[in-house]
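Below is a short briefing on one protein structure. It covers aromatic pairs, the nonpolar core, an open sheet and charges over rings.

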Amino acid sequence: QVQLVESGGGLVQAGGSLRLSCAASGRTFMFSNYAMNWFRQAPGKEREFVARINWSGASTTYADSVKGRFTISRDNAKNTLYLQMNSLKREDTAVYYCNVFGLEYWGQGTQVTVSS
């Protein structure tokens with residue numbers, strides 16, 4: 001019913017930047033009706049909340065660990081969610097997932113690895 005495809009991950013040096021994308025689709029899925037989340041999961045760790053954005057993009061929420069460095073945004077005309085990640089740290093290394101807020105739909109994840 002809802003398909004979420006993350007992209008944009010990769011290997012980057014500490015202090016560098018990446019922009020992740022999540023393309024949403026589905027015959028009856030109204031992307032602009034839903035808040036969206038980014039989560040991440042590092043090896044051996046539980047899945048961790050990163051950021052949330054409301055239906056219009058006017059309101060955002062961030063985990064303290066990424067506040068001031070990451071920016072969540074969305075383009076409702078393109079059914080796409082974004083996460084701009086700046087000043088990356090080794091501790092940001094994880095698989096990053098997008099999610100429809102309040103629903104159990106998840107993407108496959110995209111790997112972000114921050115090197116020394």
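**Aromatic rings, core and sheet**

W106 is partly exposed, at a relative accessible area of 30% (buried is under 20%, exposed over 50% and partly exposed in between, with a 1.4 Å probe and protein chains only). The model is predicted: local features need pLDDT of at least 70, side-chain atom pairs count only at pLDDT 80 or more, and totals for chains, interfaces and linings use all residues. Residues are numbered from 1 along each chain as its sequence is written, and side-chain values use heavy atoms, with hydrogens and water left out.

**Aromatic pairs**

- The count comes to four aromatic pairs, where rings of Phe, Tyr and Trp (its six-membered ring) pair if their centres lie within 6.5 Å, and planes under 30 degrees apart count as stacked, over 60 as edge-to-face and the rest as tilted.
- F39 and F49 form an edge-to-face pair, because their ring centres are 5.7 Å apart and their planes stand at 75 degrees.
- F39 is in strand β4 and F49 in strand β5, so this pair ties together parts 10 residues apart in sequence; strands (E, at least two residues) are DSSP runs, numbered from the N terminus.
- F39 is buried, with a relative accessible area of 16%, whereas F49 is partly exposed at 22%.
- The rings of F39 and W106 are also edge-to-face, with centres 5.2 Å apart and planes at 70 degrees.
- W106 lies in the loop between β9 and β10 and F39 in strand β4, so the pair ties together parts that are 67 residues apart in sequence.
- F29, F31 and Y34 are linked into a cluster by ring pairs.

**Charges over rings**

- R47 lies over the face of Y97, at 4.1 Å from the ring centre; the rule asks for NZ of Lys or CZ of Arg within 6 Å of the ring centre and within 35 degrees of the ring normal.
- R74 lies over the face of F31, at 4.3 Å from the ring centre.

**Nonpolar core**

- The largest nonpolar core has 29 residues, of which W38, L83, M85 and Y96 touch the most other members; such a core is a set of buried Ala, Val, Leu, Ile, Met, Phe, Trp, Tyr and Cys residues joined through side-chain atoms within 4.5 Å.
- Elements giving two or more residues to this core include β4 (36-41), β8 (80-85) and β9 (94-100).

**Open sheet**

- Four strands form an open sheet in the order β1-β3-β8-β7, with antiparallel pairing; two strands pair if DSSP finds at least two bridges between them.
- The edge strands, β1 (3-7) and β7, each pair on one side only.
- Six bridges join β7 to β8, and T71 has Q84 in β8 as its bridge partner.
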